[in-house]
Amino acid sequence: MSKVKRLPRRVYEPELARLQSDLVNLQEWVRSEGARVVVVFEGRDAAGKGSTIKRVTEHLNPRVARIVALPVPTDRERTQWYFQRYVEHLPAAGEIALFDRSWYNRAGVERVMGFCSKQEYTRFLHQCPIFERLLVEDGLLLRKYWFSVSDAEQERRFRSRLADPMRRWKLSPMDLESITRWEDYSRAKDEMFVHTDIPEAPWYVVDGDDKRRARINMIAHLLSTIPYRTVEPPRLPLPERPPPKGYERPPRDMQTYVPDHSASLLR
C-alpha cells in the first residue's frame with residue numbers, strides 16, 4: 001500500500017479553523033435547541049482518535065461538550081447490565097458527549113483479549129442495535145466513527161511514541177500487543193460491523209493514515225450530518241467602570257506571588 005501524502009499545513013490549518021468555527025455554531029445550536037448529541041470514536045490504537053477529539057473540543061465550552069473516557073469497570077460495574085455505566089454519561093438537553101471509546105469495547109478489546117465470555121459477546125451483538133435504536137428513537141443524535149490505520153503506519157506511530165518521553169504515556173502493553181493480534185482485531189471489527197452498522201446508527205470509517213486529513217474529514221462529515229443553524233448570540237453591553245471609591249490594593253509583600261520564571265528566560 002502506498003503511503004498517503006500528508007495534507008499540507010497551508011491547506012490544513014485554515015480549513016481546520018473554519019471547521020472549528022462551525023463547531024462553535026453547532027454547539028450554540030445544541031444549547032439553544034436543547035439537542036442531545038453523542039459522538040462515538042472507535043478504531044485501531046494510534047489511529048488518531050485522541051488527536052481528533054482534541055481538535056473537536058479545542059474551542060468548545062466544556063460544560064456543553066464533554067469527553068467521556070471511562071476507565072476499566074469496577075467489580076460492581078461488572079455485575080451491572082453492560083450498557084448501564086455508559087447510560088449514566090449520555091447527554092442531557094443542550095449537551096454533546098464525545099465517547100473516547102465506548103460500549104464497543106466489548107466487541108473489540110474484550111472480545112480479542114478474552115475479557116468477556118462468548119455468551120456476553122453474543123448478547124452484546126444482539127442488544128447493541130436495540131440499545132442504539134432506542135437512543136435514536138428518543139431523539140439523540142448518534143454518530144459513530146471508526147478510525148482506520150494501516151499496519152505499517154500504526155507500527156511507525158508506536159515506535160515514535162516509544163521514543164518520545166512526552167507521549168510514552170499513550171502506550172500500554174495492551175496497545176503494543178495489538179501488533180501481534182492485528183488480524184484478530186480485523187476479524188472482530190468486521191463481525192461488529194455486520195451486526196451494528198444499522199440504518200438508524202451507521203458506522204462511518206475515517207482513513208487515519210494522515211492525521212490531518214482524518215481530522216478535517218471527520219469534522220466536516222459530522223457537521224454535514226446535523227441540521228444545525230447559526231444562532232445569533234445575545235448582545236452583551238460592556239458596562240462602564242464606576243469611579244474609584246478609595247480602595248487601595250495591599251502591598252505586594254503581603255501576598256505570596258509565584259516566582260517570575262519567565263524573567264530567567266530573558267537573561
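Student: How many aromatic pairs does a search of the whole structure find?
Tutor: The search of the whole structure gives 18 aromatic pairs, where rings of Phe, Tyr and Trp (its six-membered ring) pair if their centres lie within 6.5 Å, and planes under 30 degrees apart count as stacked, over 60 as edge-to-face and the rest as tilted. This is a predicted model, in which local features need pLDDT of at least 70 and side-chain atom pairs count only at pLDDT 80 or more, while totals for chains, interfaces and linings use all residues. Residues are numbered from 1 along each chain as its sequence is written, and side-chain values use heavy atoms, with hydrogens and water left out.

Student: Why is the pair of Phe41 and Phe147 called stacked?
Tutor: Their ring centres are 6.0 Å apart and their planes stand at 25 degrees, so the pair is stacked. Phe41 belongs to strand β1 (residues 36-43) and Phe147 to strand β4 (residues 141-148), so the contact ties together parts 106 residues apart in sequence; helices (H or I, at least four residues) and strands (E, at least two) are DSSP runs, numbered from the N terminus.

Student: Are those two buried or exposed?
Tutor: Phe41 and Phe147 are buried, a term that means under 20% relative accessible area, with exposed being over 50% and partly exposed in between (1.4 Å probe, protein chains only).

Student: And what about Tyr82 and Phe124?
Tutor: Those rings have centres 5.8 Å apart and planes at 90 degrees, so they form an edge-to-face pair. Tyr82 sits in the loop between α3 (75-78) and α4 (84-87), whereas Phe124 is part of helix α6 (residues 118-137), so this pair ties together parts 42 residues apart in sequence. Tyr82 is buried at a relative accessible area of 16%, and Phe124 is buried at 2%.

Student: Which residues do ring pairs link into a cluster?
Tutor: Tyr82 and Phe124 are both members of that cluster, which also includes Trp81, Phe83, Tyr86 and Phe193. Phe193 additionally has the charged end of Lys189 over its ring, 4.6 Å from the centre, and Arg44 lies over the face of Trp182, 3.6 Å from the ring centre; a charge sits over a ring if NZ of Lys or CZ of Arg is within 6 Å of the ring centre and within 35 degrees of the ring normal.

Student: Switching topic, what lines the largest cavity?
Tutor: Its lining includes Leu23, Val37, Ile96 and Ile226, and the elements giving two or more residues to it are α1 (9-33), β1 and β3 (95-100). About 40 Å³ of space lies in this cavity. On a 1 Å grid over the protein atoms alone, a cavity is a set of points where a 1.4 Å probe fits but cannot get out, a pocket is an open set with protein on both sides within 12 Å along at least five of seven lines, and lining residues have an atom within 4 Å of a point. Grid points are joined across faces, edges and corners, and a volume is the space filled by probe spheres set on the points.
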